Amino acid sequence: MVNNSKGKLMFITLLLMLLLISSAYAIIVPAVNAVEPNLQEKSISVLSDVVGLNTEKYTTSQSKQRDNQFLGYPQTETDTHIVSTEGRLRVTCSYVKDTLKLVYLSDVEGELSLRQPVSNTVEMAKGLLERYQTYSGDSVYGKFASMLNGIESNVDETKYAENVKLEISGSDSNSVSYTWTYVDSNGVLAEKKNVILTYEKGAFKGFFNNWPLYTIAETESKFSAEQSTELAIEASKNFSYPVTCDNGTEIMVSGFSIAPESLGDAKLIYVNSVEQELARGNDPFRLYLAWYIPLGFDRFYSGDVSGMTVIMWADTGEVCGMDRVIVDSEFGASLANQLIEDEEAVVQSSQLQSTAFSTQAIWILAVVGLVSVSIGATQKIIVTGRRKRGRKLLGTLLCALMAFSVIFVSLPSVSAASVTGRSRIYSSVGTKFGYKNGTADTHEENATAELCNFVGNASLDAGYITTNSYSNTINTTVISNAGSDEQNYLNTMVFHSGHLSNPNKAYQASDGGAIVASEIYEQTSLGRHFFVFLWVCVQAEDHTEADGTPVGWTHRDGSQGHPYMNSNGYGAPDGNGQCYISFYGFSPMLSTYVNQSGGYYYNFADVGSPGPCSYFAMKFYYYALYEDYSVHDALDLASGDFFGCNYASTVLFTGYHSWWPGGNWGGKSINGTFYENPLCDPGYYPRDFNDAFSQFPWNEEPRDPNKMQVFGDSNIKLCQSDLTLSGVDDSSNPLSPEFTIDDQTQYSSSCTLVSKSYEVDVNDLPNYEFSHFSYDGVNYYDRPADILLDEDETVTAHYTWDPVNYDLTISKTGTGTTNPASGTSYPYLSYTYAQVTATPGANMMHYWSGAVSEGSIWKPTISVLMSSDRSVQANFVAATAYNFVSYVESSDGAVIDDYKICGPYPNDQYAVTSANENYDVYGEITAHLYFTTLGHIYVYAKAVATGGPLDVYTSADGSNWNYIGAASVSSTNPSWIDCG
């Protein structure tokens, strides 16, 4: 009964886990439906009436819709592919509260057919806004358009008109953005209330339309910056946070000293909760004026806490949110176990107490600087979905049940590189060198687990051979995997979340060891790691450093065939098929709520964002792996969902700063001279340290803000295509050619591969001449052909009939006949088999010579492959009474070289066959006798492992078997066994 109860308990536990995971993925993965006709028509109408596309020239090739939520309201996203004789494109539209929120073009091939082509993006933007004014009936878009009057193309500019700020950026690059943002009479921006138009290479790219969704509450600030700062400092006296020491003791930390240098950066912002029930006024789309006040501490407090943030409603003075700022400092972490002895820290109860906030405090979260942590509930806004192949959800859920340290699909044994992509997921978040803050580390580990499992499941759905090792990332394993993947796969992608070890050169494994870039570099000489995303601090400082992490993973070292990656792979993709993403400076924690507004300290200042960083990363992988967008477009669409703008307008791209407490943290010796670390005075990093950094040899130039860097080619796609391989002749009869893709032989008629250009070839087929390849409606006449394989389509090799004949010459010696008759030549179609039979005269036997295989010399009938002109001769000789095996029909098990037993042997001579080494299974030979033999049949054998009996059977007809006996064989020396 006890065992039965345990079994039931385990079953119930597993069932509950499955239900929990399936419900979680039901939230993450949206419903994907066939697009409703009215929505499809609406999206096409937007293309025509707003974008200005001549839609009459296009037809719809496929369309679907995705249903999810945005700030608690239904959001519908349509995804439509249209084609014309001039090209094709994909348009994504989203609608919230019956309002067009997004129009985004991707996968554009050929020239867009516009109704009224214009020469520059200023005129394009103006025309689009005027058309949208007509389409929507909202005059504000005409106001936006009028602000472009007098604006020169290719010039960045900032302009104000009443309550609107216009900012033009990137005019001198491939990508230009026009951003209209609400600004009140005091110059305070409401960054969520915006309209953004983006153009790439002079063509329309995206329309981000958040202005009509948000309203501004009519509130005024009744407090000055100084007054709000004083109130924030007073509130900080009641602030505390939990931390866990190495001995497991959980304590509360409070009683902080505020650094005077950190004050003076209070700013007004417009915010509200992203959750309707917590939002002020119960409307997350209504924005209220609030003071954001950063408070930097005079030193690091336990758990790597460098400061805190306070959010206060500007009209009431009510503190609606406070949170700590956690930095991965390598200094503050060591303070955790000193907490009990720290006279300045107030040690409260080991039973955790929550800080008293208002009802809004749950969602107000500070996200600052190097990294910071959320203590609020996770907001479930991320929208994800199934890709068109629709791989089994049950398999995904079962994989998720395996949770930590999961191998989704084991590494196959392959002798050549597989075209099927490889995905590796790693993490070092759970290392002993975390933040020394139990709550922060737990939140970070949970966020990492959710993200890594999501990436793993999305990789599986996209057809990758996937291993999720995030809970057991060992440095030697990562390096070994890099080498084996480089050899065994044409395309490998890597995701890693964790902590730095050495700036731009190494990061931590889960055991605290260093994953060193120079060691990875030794394994990646083929450059087959095509996408690497490291959510790790300071691993994107320099894309050309010889022993740097970007070069280590991609092998883009500037050598022949491995040019350096472009440093702006998002705005100017280099087209070389590899992309690397990581962080210049410090990365925000995955469990942190990333926010949008600028500000030196509160770099992610708009607390109305929909969730922690892990959600942004999941959104990115959703669009890249489930929905088949390029890395560039997935970044844009994830940013549109998360920030309400394109990626280039996010704080991840533009940069952010963070508070760093004072203190002499050591220095550095260069050529025998000791330099004090420039991080010895308090200030905002790197803003306040640029002057200090520029004085030191290892940092000759002032630093840019911390930011996410995209190196290389963001135009690559991560989603794999299902490729079918076929061949036909000019009469459409099926053929079976052997394909090679990037010199890798494909033995099956289908495969899964990363969407990109490949070199495709096939072998020559006898009696056929290669004509061309066809793929996705396009013919390719080169061989090999470079083909962009980016659709679930068929590559067909076309051949024309071109027969070739070869002659078989037959001769004989002695008494006997052949069929066909000897003494002449016969034509046969090339690469077919010619059959020739020998019939000996009385008391005669025969053997073959010429174009005959070793195992066929004594056969009555032989088959000759006509790969060229061939000759055979039947040799008729007097019959003998020897032991005589005519031919071997089949063999099995350990036996090889079975043909050696064929032929006449005297009674005391024996044929010797071979066996595969270490093949401890039976061997079987089925042989045919030409004449009745005299003497005995022998077996020459030994044991593979240990000695023992060898069972021997013989049969005259292959059906009725006679047991000869169990001879004893040795494992050392072979011996003869008389089979009778």
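How many bridges join strand 9 to strand 10, and in which sense do the two strands run? In this predicted model, six bridges join strand 9, which covers residues 189–200, to strand 10, and the two run antiparallel. V195 stands opposite N209 of strand 10, and the two strands form a hairpin with two residues between them, where K201 in the turn has a positive phi of about 55°. Strand 10 is also joined to strand 5 (residues 99–110), again in an antiparallel arrangement, by three bridges, and here V103 stands opposite F207. Six of the seven residues of strand 10 (residues 203–209) are buried, so this strand is largely enclosed by the rest of the structure.

The pairing of strand 21 with strand 22 (residues 506–508) rests on two bridges, and L500 has Y507 in strand 22 as its bridge partner.

In the loop between helix 8 (475–488) and strand 20 (492–497) lies Y489, which counts as buried because its relative accessibility is 0%. The C-alpha atoms of Y489 and I465 are separated by 9.8 Å, while the two residues are 24 residues apart along the chain. Another tyrosine, Y831, is placed in the loop between strand 43 (824–829) and strand 44 (833–840), and its relative accessibility of 45% makes it partly exposed. Together with Y833 and L865, Y831 makes a nonpolar surface patch of about 320 Å².

Turning to charged side chains, the count of salt bridges comes to 24. One of them links E86 with K57, whose closest N and O atoms are 3.7 Å apart. Because E86 sits in the loop between strand 3 (73–84) and strand 4 (87–96), and K57 in the loop between helix 2 (37–51) and strand 2 (59–70), the pair ties together parts that are 29 residues apart in sequence. E86 is partly exposed at 41% relative accessibility, and K57 is partly exposed at 43%.

In a second salt bridge, the side chains of D315 and R280 meet at 2.7 Å, N to O. D315 lies in the loop between strand 16 (305–313) and strand 17 (319–326), and R280 in the loop between strand 14 (267–271) and strand 15 (286–301), so parts 35 residues apart in sequence are tied together by this pair. D315 is buried, with a relative accessible area of 15%, and R280 counts as buried at 17% relative accessibility.

D641 is buried at 6% relative accessibility, as is K619 at 1%. Elsewhere, salt bridges that share partners join K64, R66, E77, D79, R90, D107, E627, D628 and K717 into one network.

Notes:
Residues are numbered from 1 along each chain as its sequence is written. This is a predicted model: local features need pLDDT of at least 70, side-chain atom pairs count only at pLDDT 80 or more; totals for chains, interfaces and linings use all residues. Side-chain values use heavy atoms; hydrogens and water are left out. Two strands pair if DSSP finds at least two bridges between them. Helices (H or I, at least four residues) and strands (E, at least two) are DSSP runs, numbered from the N terminus. Patches are made of residues with over 30% relative accessible area and no salt bridge: like charges are joined within 9 Å, nonpolar side chains (Val, Leu, Ile, Met, Phe, Trp, Tyr) within 5 Å. Accessible areas come from the Shrake-Rupley method with a 1.4 Å probe; for residues, only the protein chains shown count as cover. A salt bridge is a side-chain nitrogen of Lys or Arg within 4 Å of a carboxyl oxygen of Asp or Glu. Buried means under 20% relative accessible area, exposed over 50%, partly exposed in between (1.4 Å probe, protein chains only).
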